[in-house]
Amino acid sequence: MGHTVREIADSIGARAEGDLDLVIRRASEPASAGPDDLAMASTPKYAGMLSQGQARVAMLWPGADWQSLGLRAAILPERPRFAMSGLTRMLDPGQGFAAGIHPSAVIDDSAELGEGVSVGPLAVISAGARIGANSVIGPQCFIGMDAVLGPDCFLREMVSIGARVQIGARFIAQPGARIGGDGFSFVTPEAGAVEHARKTLGDQGTARPQSWARIHSLGAVTIGDDVEIGMNTTVDSGTIRDTRIGNGTKLDCQIQIGHNVVVGNDTLICAQVGIAGSSVIGNNVVLGGQSGISDNIFVGDRVILGAGTKALSNVPAGRTMLGYPATQMENQLEIYKALRRLPRLLREVASLRKVVSKSDGDD
Amino acid sequence: MGHTVREIADSIGARAEGDLDLVIRRASEPASAGPDDLAMASTPKYAGMLSQGQARVAMLWPGADWQSLGLRAAILPERPRFAMSGLTRMLDPGQGFAAGIHPSAVIDDSAELGEGVSVGPLAVISAGARIGANSVIGPQCFIGMDAVLGPDCFLREMVSIGARVQIGARFIAQPGARIGGDGFSFVTPEAGAVEHARKTLGDQGTARPQSWARIHSLGAVTIGDDVEIGMNTTVDSGTIRDTRIGNGTKLDCQIQIGHNVVVGNDTLICAQVGIAGSSVIGNNVVLGGQSGISDNIFVGDRVILGAGTKALSNVPAGRTMLGYPATQMENQLEIYKALRRLPRLLREVASLRKVVSKSDGDD
Amino acid sequence: MGHTVREIADSIGARAEGDLDLVIRRASEPASAGPDDLAMASTPKYAGMLSQGQARVAMLWPGADWQSLGLRAAILPERPRFAMSGLTRMLDPGQGFAAGIHPSAVIDDSAELGEGVSVGPLAVISAGARIGANSVIGPQCFIGMDAVLGPDCFLREMVSIGARVQIGARFIAQPGARIGGDGFSFVTPEAGAVEHARKTLGDQGTARPQSWARIHSLGAVTIGDDVEIGMNTTVDSGTIRDTRIGNGTKLDCQIQIGHNVVVGNDTLICAQVGIAGSSVIGNNVVLGGQSGISDNIFVGDRVILGAGTKALSNVPAGRTMLGYPATQMENQLEIYKALRRLPRLLREVASLRKVVSKSDGDD
């Protein structure tokens, strides 16, 4: 298997120059590329490593002088980073999941599988579930009662989807992703210490310790089209209505989405982010790794949170935030700089105080 | 299927008024409620949305004027939030797991299953395991050798319970919860850089780099009655004795409980919390989302940690803490306010210094 | 089953004194030890609890006066903490996984299993996979197409290994560990707000909101010898080349390793750590629980990060860091102390300002 330089360039809509009939087997980094590899060198820095490898073809940048790099051909996309999307789709060797229904899968008679659906070994599909055409249910997956998946979905191994979850088209789930566990919602018979501490910002009041009663999740989860969910990410069911994730939103690994949360469209959530119950996240938001969103707050469209940011209150649309607690990034960076000088500042103020009290006393 | 208003009110011990024979099919939010739905409107704010929906019955608050809201009946619990517990239990449609032992489950001959136990498709129950009466082992679960579960437990899909783990009655585990992996305990042949840095608070000493030797976990995990564990949460086995979780304690998703940890009764742990090895957490504690507890420390009864708080040293009983490092909440909030003024403070002190040194020099 | 005191001491290379023929059944904590248990009492504090139990033999420290503790024998290792490694290996009761290939496992005809390999119930081994001699594939595990595991590996239940992943000898994976999910790599057709905000440290520029295009992972994951991976930890595949983890490195539970990351040898990573894409971590590094490493940065050999530390930029070799953002530990501890005095400092500066402006005005 292989692709000519021409085929690749045509497929991703990029300009190509040189010997367009050379055949490419795979993509490589410049320094380790073999003679049949396409070296990925989107900047002059990477191109400088081409001489350490054997590539005859590279993907460079617009106007790159590929001949002087000793190449026989080059692909020159307008935006090399975006070209990676088409290129990697073309060259992806995939997981090799077999087509068709594996005989070891346990599929309820009342489940409806669209045309071209494949189901891996030891997967379970429950009563009333519906799987859209050409979707792939990976090995050892679980699809709950009355759950609905759209067409062209791709579930890796050991994904679990709870009862009544609804998911759109082209959904991708990485291994161990879990949709539709019960929300974490407990209540004490009488108002308790947490409710008091939230109101007073710290005081627990005099409530006696109590046991917790469970609030069941009557809702499920509704997910739009073109959503991707990473390994071991978890999405809770809603209490009364569904937890919702919009179209085109992408979730990395080990993210927790609490009950009743609403996430908008085309939002990007990095690994290990937590969004607590009932918060609302807008469209085109980017949440950096390990950031956190408190419960019952609002994060507006186009907000960007830097890595580790903890949003404890609403964030207006368009803001770029950093830190714990979340602060506008430029202010936070100024605070971080000031913090490094804080121990010295304390000493300076102490000595100022001495001088002033002395001169003040001298008056 | 449905319940009359009278049945619902009786079941949750709440007052009801109006046409008590109306039949309710499900609970809904006020704005989207249909004519056979019970609208959940525990505050005047939510009640204001009733006119956008078609509900004829709502759950309101004590003394609410339901007639003026256009309703034909109302349920008026003393504490609406607590009433949610009974109501949602009554209306929960569940996961639809079938009763009985699925023929595809792999159950060792020496395992003992109590009366009324059900085991889902492709679950594994190992030698010597004992499952209490009426417990539900979900699809694709794993129960290890000699593990013991009490009666009336409910395990969702893909839960795994390691060898010798002991769990009480009415345990609930969400998908992917994992109990009894080996603890993370490694040691170098000679005292290493970490041991030195801990003693000196930063200096690594001169130890040469070494490889790590594994300390095996001889203990397992012991869990009390009425415990719930969220999706993909992990609980490590103890080194010599068991890691322990008390009665009535609830764990959200993606929590990590380290080896030898002891968690008390009726404690609530929110998503993505980590508790490092050998720490002890009291009763009626609440740990906010993404908070963390260092190893070998003590967190007293009724402590509340706000979201993201990192407790690096002991926390006395009854404290409400926030921040990294954990600080009493009222002090931390004062510090956060002061931080926003810190860059300006630096400039002010610099200008004060100029004035003072000038006036000092003028003396 | 049991071991004499002599056998245990010989096995771990420690000195023993007293009745070396006493037979030990298991290890225990001093206070709860029975008459056939070996009490673990590596310090005088723990030895003080021996009188609460019934132990006749204890593991103590060099030169301990075991007779005065009422014991009949003692094991006296040079470094008791290191002796725990050998001792717990000897006494580990294990998970009881059966030898051989369970008939319910689904193994592709083209997979190659070395001598002595065992495969648990309902495990899946895909086409072209190769498993080294004496390795144990636990119940309900998944091994992807063309994946390679070395000899003497041990996989607990529900571990998943993606296509083309390569792992060395003596690998240990705890339940739910996931290797080789696709990396989280998305790009917009035109340069977007995040790219702009990164360059300007906060300003999002004027890019219109766009949808995300997926960059596929063409690489997989390469893991060295003697690596251990904790429960529900996830390791992403690389984009062009493999994500890599060196020899002797140990990962705790719920860690996320991003695409293209390189982790060195003998590095210890504690629970819930996240390492973002393309970062490079050296040898003999220790990353404390819940710490985080930004993408595309470098963390040198022997770096230690305290719990919760967020490294947002490169960390030179040998540094001990703490806090968010990561700061040298001794400086950070000074900053933390100063922060507690910050609200008071603000008031002091305000009053200084008054005095100075008054005295300044008086001039």
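**Entry 1: ground rules**

Helices (H or I, at least four residues) and strands (E, at least two) are DSSP runs, numbered from the N terminus. I am reading a predicted model, in which local features need pLDDT of at least 70 and side-chain atom pairs count only at pLDDT 80 or more, while totals for chains, interfaces and linings use all residues. Residues are numbered from 1 along each chain as its sequence is written, chains are lettered from A in the order in which they are written, and side-chain values use heavy atoms, with hydrogens and water left out.

**Entry 2: two residues with positive phi**

I started with B:Asp266, which sits in the loop between strand 29 (262-263) and strand 30 (268-269) of chain B. Its phi is near 55 degrees, a positive value in a residue other than glycine. Is B:Asp266 buried or exposed? I found B:Asp266 buried, with a relative accessible area of 14%. Here buried means under 20% relative accessible area, exposed over 50%, and partly exposed in between (1.4 Å probe, protein chains only).

I then turned to B:Gln254, in the loop between strand 27 (250-251) and strand 28 (256-257) of chain B. B:Gln254 is not a glycine, yet its phi is positive, near 55 degrees. B:Gln254 is buried too, with a relative accessible area of 2%.

**Entry 3: cis peptide bonds**

Next I checked peptide bonds. B:Tyr324 and B:Pro325 are joined by a cis peptide bond, with omega about 0 degrees. I located B:Pro325 in the loop between strand 38 (320-322) and strand 39 (327-328) of chain B. In chain C, the bond from C:Tyr324 to C:Pro325 is cis, with omega near 0 degrees. C:Pro325 lies in the loop between strand 38 (320-322) and strand 39 (327-328) of chain C.

**Entry 4: a residue inside chain A**

I picked A:Leu155, part of strand 16 (residues 154-155) of chain A. A:Leu155 is buried, with a relative accessible area of 0%. What is A:Leu155 in contact with, leaving aside its neighbours within four places in sequence? Contact means heavy atoms within 4.5 Å. I noted A:Phe97, A:Val136, A:Ile161, A:Phe171 and A:Ala173 among them. I also looked up A:Val165, 10 residues apart from A:Leu155 along the chain; their C-alpha atoms are separated by 15 Å.

**Entry 5: how the copies are related**

I superposed chain A on chain B by a rotation of 120 degrees with 0.0 Å of shift along its axis, and the RMSD is 0.0 Å. That is the relation of a three-fold axis. The copies use different surfaces, as 20% of the contact residues of chain A recur in chain C.

**Entry 6: chain A against chain C**

I counted 80 residues of chain A in contact with 80 residues of chain C. The buried area between them is about 6100 Å², with 63% from carbon and sulfur atoms. Buried area is the accessible area (1.4 Å probe) that two parts lose on being put together, summed over both. There are 6 salt bridges between chain A and chain C, each a side-chain nitrogen of Lys or Arg within 4 Å of a carboxyl oxygen of Asp or Glu. A:Glu228 and C:Arg214 meet in a salt bridge at 2.6 Å, N to O.

**Entry 7: chain A against chain B**

Here 79 residues of chain A are in contact with 80 residues of chain B. The area buried between chain A and chain B is about 6200 Å², and carbon and sulfur atoms give 63% of it. How many salt bridges does the rule find across the interface of chain A and chain B? I noted 6 salt bridges there. A:Asp182 forms a salt bridge with B:Arg156, the closest N and O atoms being 3.7 Å apart.

How values were computed
Least-squares fit on C-alpha atoms with pLDDT ≥ 70 in both.
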